[in-house]
Amino acid sequence: MAEKFDLNEREVWDGNYAASQALRQARVDVVAAYPITPSTPIVENYGAYVANGYIDGEFVMVESEHAAMSGCVGASAAGGRVATATSSQGFALMAEVLYQASGMRLPIVLTVVNRALASPLNVRGDHADMYLGRDSGWIQIDAFNAQEAYDLTLCAFKIGENHSVRLPVMVHQDGFITSHTAQNVYPLSDEKAYEFVGEIVPVDDMLDFSRPVTYGAQTEEDWHFEHKAKQHKALMDSRPVIDEVFAEFEKFTGRKYNRVEGYDMDDAEVVIVALGTTVETARVAAQELREEGIKAGVVGIRVFRPFPFDDVRDMLENAKSVAVLDRSSPGGAMGAFFNEVSAALYTTPNRPLVTNYIYGLGGRDFSVNEAKRIFMEQKANADAGHITTDIQQFSGLRGPHLGYFQTKRS
Amino acid sequence: MIEIRWHSRAGQGAVTGAKSLGDIVATTGKEVQAFALYGSAKRGAALRAYNRIDDKPIITHEKFMNPDYVLVIDPALAMTDDITMNDKETTKYIITTHMEKEDLIKEIPALQDKADRVFVVDCIQISLDTIGRSIPNAPMLGAFVKVSGMFELDYFLENMKRVLAKFPQKIIDGNMQAITRAYNEVK
């Protein structure tokens, strides 16, 4: 039986410590992990809990991230509660097995501390790894600070293991900006946390010898398409379950999460749409601009997959000019996040102006002042009734301005 | 909001110092942030650590700040690093040095017109005397407690004992002495 871990009602934790505590409190059966910066401390802390007797489950040190996720697949298929952590290149090496896990409908929880992908080598935070996972069939939940990294990791087990979902779940936090920034965190007691998460009830577990099952079967053109369609449907149908889990979490903590978060959005005309810590930094800018009479608002995407097409539309349909911020190198296209938000807005009657900012790659600072500047460009667009800047621009880039495409006007 | 910037070398404990300060400030009911900007994460490399303290939740995540306090725990960095970067007319400086304040300011042109806001304390010598190693973070905390007037010394010491609970008693005692001495010696 695990030793009792003393927690205070108020702790000062960074995002990594918060995530590792959530894994401990969820009483994970198997963690198979290979540490990588900046998520190393999640694995390191968890290893320390194991060594000091705070964990009853198994902790498997493996030789690569590919093996880490493979170990998770095996343990999850066997019927256990399973989790791991990774970042960046580690995430990239896991990529093959991520698709295996989601295709086999295994409710593994992966805490991802977002970091840039090489080359050039860079250990700091951007969303390149998060974007790499966006078609992998996992639910992707995004924390904007350390408290949320803790809260949402607990929620992730309850969402993924729900029998009408049965999908793996990633919980993202920004490398260094969240993972290595200590802040006030208000954890649940171990008892309350476990009461919330609940016991895992496996489905088709391989260790049920009375009812043998196969995982990882081959299907060609006869059934592959139907499997993939079911997987997509499962992701889409997870939306109400996510809402239910968030509602139940609010009952435990008073902290309310939504698949799309809106701040100052009731009458907002100019809006920043973002992921991660940038959502909070932009909120500071919006509040300051509101004191100058500018109707600024911020939309944060809490659940990146399944993409909240409907809620994005509802939240933004009355905006005039919207800046969508992509923290990942777009690689010869508009930002992927911009494309998704634009597609949602194209189906609204109002069709607000939408612009794309590429920013913060490799950990480049995103300041309140830069957020204000972006808001003011949206204000100029709203006043003019058309996009006055390049549709895609790089924000915070050194050297000459880089931007592409202008509005076609007759 | 109060903002603090630490100038340090990796291995001198600025990150731990910033996190300990955050931990203790949080016990007073305030909201805190503590983070660092590492270079290539080698011992001896210059780094900066940061604290933010406020009455309401801190939601800015920018690295940029106009510090209210600049804490320099490596004597040479006072000369070589840009310690007055983005400062304000009220920014207070606490600098580790074995020199007299007047002599130090003569060496640092950027501090010439800020003498009334500069405080000095020899954190290196204090940590050598009390902890037995050059770990200038704990004494800097003592000097900060005095200069900021943010806490009573006894309150800070009691809470620091809790933060250090996992260490042997000898280390805890050394830290208590280091904080107390710096509190009394900063000028």
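Two strands pair if DSSP finds at least two bridges between them. That criterion applies to β8 of chain A and β2 of chain B, which two bridges join. The model is predicted.

**Strand pairing across the chains**
- Within β2(B), B:Q33 stands opposite A:Q183.

**The contact of chains A and B**
- Chain A contributes 17 residues to the contact, and chain B contributes 17 residues.
- On the chain B side, α1 (14–26) and β2 (31–37) each supply at least two residues.
- β2(B) gives the most to this side, with six residues.
- By class, the residues of chain B that touch chain A divide into eight nonpolar, five charged and four polar.

**A helix crossing in chain B**
- Helix α4 of chain B covers residues 123–130, and helix α7 of chain B covers residues 169–185.
- Their axes come within 9 Å.
- The crossing angle is roughly 145 degrees.
- The crossing of α4(B) past α7(B) is right-handed.
- From α4(B), the residues in contact are B:C123, B:I126, B:S127 and B:T130.
- They meet B:G174, B:Q177, B:A178, B:R181 and B:A182 in α7(B).
- This contact has four nonpolar, four polar and one charged residues.

**Two domains in chain A**
- Domain 1 of chain A runs over 11–253, and domain 2 of chain A over 262–404.
- Taken over C-alpha atoms, the centres of the two domains are separated by 29 Å.
- The contact pairs 26 residues of domain 1 of chain A with 20 residues of domain 2 of chain A.
- On the domain 1 side, α5 (128–132), β6 (139–142) and α8 (224–253) of chain A each supply at least two residues.
- α8(A) gives the most to that side, with five residues.
- The domain 1 side that touches domain 2 of chain A has 12 nonpolar, eight polar and six charged residues.

Terms used. Residues are numbered from 1 along each chain as its sequence is written. Chains are lettered from A and ligands numbered from 1 in the order in which they are written. This is a predicted model: local features need pLDDT of at least 70, side-chain atom pairs count only at pLDDT 80 or more; totals for chains, interfaces and linings use all residues. Two residues are in contact if their C-beta atoms, placed from the backbone, lie within 7 Å. Helices (H or I, at least four residues) and strands (E, at least two) are DSSP runs, numbered from the N terminus. Ala, Val, Leu, Ile, Met, Phe, Trp, Tyr, Cys and Pro count as nonpolar, Asp, Glu, Lys and Arg as charged, and the others, Gly among them, as polar. Axes are lines fitted to C-alpha atoms, for helices over the stretch in contact, and angles run from 0 to 180 degrees between N-to-C directions. A crossing is left-handed if the near helix is turned anticlockwise from the far one by less than a right angle, and right-handed if clockwise. Domain bounds come from an automatic or database domain assignment.
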